[in-house]
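Colleague: Could you walk me through this model? I have a few things to ask.

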Amino acid sequence: MAEAAPALRKPVFTKVNELRPGTNGHSLNVKVVSTKMVMPKGGGGRPSGPQARQMRIAECLVGDETGIIIFTARNDQVDLMKEGSVVTLRNAKIDMYKGSMRLAVDRWGRVEVAEEPTDITVKDDNNLSLIEYELVTVET
């Protein structure tokens, strides 16, 4: 009883202005506007030893024609985030940091240079990372 493997679904690409707090599974094509290293190799006050991982973290401003958001690149992702390049983020999620949204791709997602060269004109006056959100509990 060999079952046929389910057909792979084509990814549905999201625009930056459609991102909301607490969501995940986003696929986006974005252009890298700027990159800033936050934690270089060796990662400050970490314990040294065989289990200590070399961690590199960069905050990258990425966007498309609808807006921009900060993307937190980790380790090998940092090398792909060159200013001016267009990258495809697969299975990206929204992390909250100090009340604002950050885009991230964990081990279940992928960051890759865009397959087809696309020229994206970034709308830089709509920065979603500057919007501060507050968690409100609603009583029912």
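Modeller: Gladly! A nonpolar core here is a set of buried Ala, Val, Leu, Ile, Met, Phe, Trp, Tyr and Cys residues joined through side-chain atoms within 4.5 Å, where buried means under 20% relative accessible area, exposed over 50% and partly exposed in between (1.4 Å probe, protein chains only). This is a predicted model: local features need pLDDT of at least 70, side-chain atom pairs count only at pLDDT 80 or more, and totals for chains, interfaces and linings use all residues. Residues are numbered from 1 along each chain as its sequence is written, and side-chain values use heavy atoms, leaving out hydrogens and water.

Colleague: Which element gives the largest share of the largest nonpolar core?

Modeller: That core has 22 residues, with Leu19, Val62 and Met81 among those with the most contacts inside it. Elements giving two or more residues include β3 (67–74), β4 (86–97) and β5 (100–104); strands (E, at least two residues) and helices (H or I, at least four) are DSSP runs, numbered from the N terminus. The largest share, four residues, comes from β4.

Colleague: Are the faces of β5 covered or open?

Modeller: Five of the five residues in β5 are buried. Ser100, Arg102 and Ala104 lie on one side, Met101 and Leu103 on the other, and with all of them buried, both faces are covered.

Colleague: Which residue in β5 is the bridge partner of Thr72?

Modeller: β3 and β5 pair in the parallel sense over two bridges (pairing needs at least two DSSP bridges between the strands). Thr72's partner in β5 is Ala104.
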